[in-house]
Amino acid sequence: MAQVHIDGDALVVVIEGLDKLWALKSRLTIPLSNVRGATDDPGMIAEPKGVRAPGTHLPGVITAGTFHLDGERVFWDVQNPAKAIVIQLADERYARLVVQVDDPRAAVALIEGAISRP
């Protein structure tokens, strides 16, 4: 699971617990200027993941780490798809972050509010 918060002009995604091991990341910091939007998207888990490099994928259990698909790099950290959000990025290492959060609606509202302020 991940915790998502805003720190100044940056979106910070903190990977928690053993997910740090499975995803091989503990924290991602993205300038808000490179965040294009966020959606509550439990159906994303059914989409093709691509080539895992590096990461963990046990279908129905966990998808975590970096996956390469159609020339894009996507970061995953999802165990419960019902709590997954997708964060769209531009000009970053990852094209998208797909992460599980405690409250998907609140996380999406936080991100959308942060990127829409002047």
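Q: Which residues form a nonpolar patch on the surface, and with about how much accessible area together?
A: This is a predicted model, where local features need pLDDT of at least 70, side-chain atom pairs count only at pLDDT 80 or more, and totals for chains, interfaces and linings use all residues. Residues are numbered from 1 along each chain as its sequence is written, and side-chain values use heavy atoms, without hydrogens and water. A patch here joins nonpolar side chains (Val, Leu, Ile, Met, Phe, Trp, Tyr) within 5 Å, each residue having over 30% relative accessible area and no salt bridge (a Lys or Arg side-chain nitrogen within 4 Å of an Asp or Glu carboxyl oxygen). By Shrake-Rupley with a 1.4 Å probe, the patch is L18, L21 and W22, with about 310 Å².

Q: Which residues touch the most other members of the largest nonpolar core?
A: Such a core is a set of buried (under 20% relative accessible area) Ala, Val, Leu, Ile, Met, Phe, Trp, Tyr and Cys residues joined through side-chain atoms within 4.5 Å. Of its 25 residues, those touching the most other members are L11, V13, I87 and L97.

Q: Which element gives the most to this core?
A: Elements giving two or more residues include β2 (10-15), β9 (96-100) and α2 (104-116), where helices (H or I, at least four residues) and strands (E, at least two) are DSSP runs. With 4 residues, the largest contribution is from α2.

Q: Which residue in β9 is the bridge partner of Q88?
A: β8 and β9 pair in the antiparallel sense over 5 bridges; pairing requires at least two DSSP bridges. The partner of Q88 in β9 is R96.

Conventions. Patch = residues over 30% accessible without salt bridge, like charges linked within 9 Å, V, L, I, M, F, W, Y side chains within 5 Å. Buried < 20%, exposed > 50% of the residue type's maximum accessible area, 1.4 Å probe, protein only.
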